[in-house]
Amino acid sequence: MTLSRRQFIGTATATFATPALIGRAIAATGGRDLPIPDVLDLRGGGGAPTLDAMAARTKILEGAESVTVGYGQGFLGPVIRMNRGETARLNLGNRIKEPVTVHWHGMHIDGAQDGGPHSPVDTGGVLEAALDIDQPAATLWYHSHIHQRTGIQVYYGLAGMLIIDDPDAPDSGLPQTYGVDDIPLVVQDRVFDRGGQMLYAPQGPTRMMGYRGSEILVNGAIRPKASVPAGMVRLRILNGSNARIYHFGFEDGRRFYQVASDGGLLPMPVAMNALTLAPAERVEIVVDFSAGATRLLSAPDSNMGMMGGGMMGGMMRGASPKAVADGGLFEVMSFAIDNSRTAAVTTLAKTLAGAPTPVFGEPVRRRRFALNMGMGMGMMRGGGSMAINGDSMDMAVINQELRLGEAEIWEVSADMMAHPFHVHGTSFQVLSRNGRKVDYASTGLKDVVLVDGTAELLVQVNRKADANQPFMFHCHILEHEDLGMMGQFTVA
């Protein structure tokens, strides 16, 4: 899909090239200080601030400014903080040249509040949002969710992190000084042309397998450097990429601890030295930097299914980050020790106080969801479509009808490649993958699951959604979603 910049800010039409062929962008210099997003604090009630979708020219590469969009700023949005037990209020405005939405990804709210494709904010319009918060503390996010335009709008910057706090929960003992030892990381990959302009031009193979970039951005900066205290630091990581799956690990192989998943804290810290994160997934990890400086790396994304090898596999992968180690490992960001900062936490508790305890009823039915990829030259030329259970997304069709508060088992199967499957309006428990039981203590509550084969989910939705404002279920490879791998459900 080729974007005219006039659609955003009225400048000259952009020129795009196929990402697999353009090579690396000029002046893609990393190492600047990690930007720490501003906080839009909605805790404690009060007035309703305005958050506008807006366009800008943003300096991401040295010596160039790129057309971008963001919420309340030129690229991405602030970290929004809300309290459990309160109603968060804000006004959502639109100052760009096409409709947008704000989908509250991971929030347990009614369909009318969810911000899906049935809730567009037209150019010049304002939507008054009142979000009733009643779920455990967690790291979530928000992004635009316009039907068939989600990929391009998120890519150019309509996304941001959201943190729910629970003032009544017991102290987990985790680091919590924002920007010092509790750091948000929005990780994305992007393609730039030779003039430093951000490109979104999925064509042929990159429509089929999802659009990937050659440069890694964290909080909007190319491979930045974070200054951290020499102690325990909490990293809240969001995979905000359209399609790339990351396989994170530290350059020196140091161990770290996962303490939270999409839906909140895990029952206890889980030790690991590698972590896979699919698009839209979030994770909180605690890293001990008393061992010194290091770099966060990722292995390449091999999610190409049967197309993964040879020249065709290279075309499917599209643009790739520059390798810095054997096996195609590439740099995400680096960490430096700042001895002027003090780590408040020196040891982790064996269990995490305040972790949610799943409360699901006995499942009363089973539903099956097959994620279908269209193939052949029609898809390569952009004329094909993707589907779930054989049906492509239709805004006028309700695909499933759920009963409020009834537990169900959803069996999800992936076609051709792995797909990150997302359900709106709730968090679910992953029961099994490819017939093997999944330990809840190692995964926690989820709203996105990477399905590579089959997965069984225990789903229970406790918020209502009608046919005018239904919930969505879809693949979170955004090109797949835009091409029709999405469905709608009501809850009554």
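Modeller: In this predicted model, strand S28 (residues 419-423) and S31 pair in the antiparallel sense.

Colleague: What makes S28 and S31 a pair?

Modeller: Two strands pair if DSSP finds at least two bridges between them. S28 and S31 have 4 bridges, and they therefore count as a pair under the requirement of at least two. As an example of a bridge partner, Phe-421 has Val-449 in S31.

Colleague: To which sheet do these strands belong, and in what order do its strands lie?

Modeller: The order is S26-S34-S33-S28-S31, an open sheet of 5 strands with mixed pairing.

Colleague: Why are strand S26 (400-402) and strand S31 (448-451) called edge strands?

Modeller: Each of S26 and S31 pairs on one side only. On average, neighbouring strands of this sheet are turned by 25° against each other, direction ignored.

Colleague: How do you know that strand S15 (residues 232-239) is largely enclosed by the rest of the structure?

Modeller: Buried means under 20% relative accessible area. In S15, 8 of the 8 residues are buried, so the strand is largely enclosed. Met-232, Arg-234, Arg-236 and Leu-238 point one way, whereas Val-233, Leu-235, Ile-237 and Asn-239 point the other way, and all are buried.

Colleague: Which strands pair with S15, and in what sense?

Modeller: Strand S10 (residues 182-192) pairs with S15 in the parallel sense over 6 bridges, and Val-187 stands opposite Asn-239. Strand S20 (residues 282-288) pairs with S15 in the antiparallel sense over 7 bridges; there, Val-286 is the bridge partner of Arg-234.

Key. Residues are numbered from 1 along each chain as its sequence is written. This is a predicted model: local features need pLDDT of at least 70, side-chain atom pairs count only at pLDDT 80 or more; totals for chains, interfaces and linings use all residues. Side-chain values use heavy atoms; hydrogens and water are left out. Buried means under 20% relative accessible area, exposed over 50%, partly exposed in between (1.4 Å probe, protein chains only). Helices (H or I, at least four residues) and strands (E, at least two) are DSSP runs, numbered from the N terminus. Axes are lines fitted to C-alpha atoms, for helices over the stretch in contact, and angles run from 0 to 180 degrees between N-to-C directions.
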